Amino acid sequence: MVTPILPLVMSGAVVKRRSKTLLGPVDLTISQSGFTIIMGPNGAGKTTLLRSLHGLERFAQGQQRWQVPLQEARRRQGFVFQSPIMLRRSVLENLIYPLRLRGTKRGRATALARDWAQRVGLDDALDHPAPQLSGGEKQKLALARALIPQPDIVFLDEPCANLDGRATREIETILQKANAAGTRIVMATHNIGQAKRLATDVVFLLNGQIAEQSPAHAFFNTPQTPQAAALLRGDIVE
Amino acid sequence: MGDIWEGISAGFWLVVTLDPDLVEITLMSLRVTVTATIVASCLALPFGAWLAIRRFRYRRFVIAVLNALMGLPPVVVGLIVYLMLSRSGPFGVLGLLFTPTAMIIAQVIIVTPLIASIAHQAIRDIWAEYHDLLISMSTSKWQRILTLIWDGRRALLTAALAGFGRAIGEVGAIMIVGGNIDHATRVLTTAIALETGKGDFSLALGLGFVLIGLAVTVNILIHAIGRTERDGKW
């Protein structure tokens, strides 16, 4: 039995850049299961919060703790950036890369990569250079690359921004399958419809602070803050 | 005008008939420059990559010095290497002055900053692109360096070829430290300088054709490699 890496407990975390506070102080616990959606207007700190949870930001104050040592926790999580970063290699090589980092043998890694390419609909493009794919294909590849090492938790930063309906639906389907298979998901999005389709709970950010954190049905039916209510009505929230 | 035409045709003829002197000089040129390029690449490529990844206090200063060293005057490099290797110099006991080894040393000094600078820029660009991803995947330092070198291999090859292009056409330094000794340290550029001085334009032109041919080939290679990189960004 492998020790679960969650819950992740973040306490009093503050992220600053050039003495400007981007985030915090934030207290947040990521429980063992579910699909957390992070919402909030531009500049509210959604990206910074995700990057902090993943360990890409340095805290000015505060800390966070996984249930396993940090090195192990880092290996057991994935991140999908808003604009996907493609290695200058083929699609197949991009999928193999995270497995090879973990010491998986090339043959087994290739088999797994083919399987995942099929799941995200890229099996015809295995030998294409990844940087030449379309925006939606790149995002699907980035998603598959994050999921292929079977992480315990995946963070996604607006993975469907700039994508059309079909690509968005495909990505949502992949995410829901992964979530059903036990992968914890934390995702930022602007899209209220998408949040309603996917969320089990919602974190609502305003000016770098958590303004509201509640189960999805409660958040969407009876938002506690006027800003969240305005956002859900479709008003502009600044 | 007639002299020039005669020279050109005679020079062409020397190339076509593989004149023994011309072949010997060409091979010496290639031996010196290829060796120098390989040695310089072994020093410069890892250094360039390291400079792109590591953050340290005097990094900007080191990069500025490196870029300034690209414009190092070959004659001055030749002079300094000469002083170092001459009988009264610190390395005089090695007896390297007026040998191909001395020429290789001079060329290594001239092209290493060039190769390192181009390699640094290329690796820096890829690192800027990959940074968040490689951190996110919690790669080790070695895994990062290997990834960057592998994905930047075309750019690094371009850097090495640029170094070769500069070294093969260089005359000032190798003239001083090599001495342009017949059958010993005579290479294409020094031979052209000598034959032109003597007024023997046919051999000078023949050597010139070979030199231009080499330089053009190298530049076509750089161009071909560079373009595939732009097309696919990989």
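**Notebook: the A–B interface and a sheet in chain A**

I counted three salt bridges between chain B and chain A, a salt bridge being a side-chain nitrogen of Lys or Arg within 4 Å of a carboxyl oxygen of Asp or Glu. One of the pairs I looked up is Arg88(A) with Glu129(B), whose side chains meet in a salt bridge at 2.9 Å, N to O.

I noted that the model is predicted, with local features needing pLDDT of at least 70 and side-chain atom pairs pLDDT 80 or more, while totals for chains, interfaces and linings use all residues. Residues are numbered from 1 along each chain as its sequence is written, chains are lettered from A in the order in which they are written, and side-chain values use heavy atoms, without hydrogens and water.

I next looked up the extent of the interface. I found 20 residues of chain B in contact (heavy atoms within 4.5 Å) with 20 residues of chain A. The area buried between the chains (accessible area lost on being put together, 1.4 Å probe, summed over both) is about 2,000 Å², and carbon and sulfur atoms give 56% of this area.

I then turned to a sheet in chain A. I recorded seven bridges between E1 (residues 8–17) of chain A and E2(A). Lys16(A) stands opposite Thr21(A) in E2(A).

Notes: Buried area is the accessible area (1.4 Å probe) that two parts lose on being put together, summed over both. Two strands pair if DSSP finds at least two bridges between them. Helices (H or I, at least four residues) and strands (E, at least two) are DSSP runs, numbered from the N terminus.
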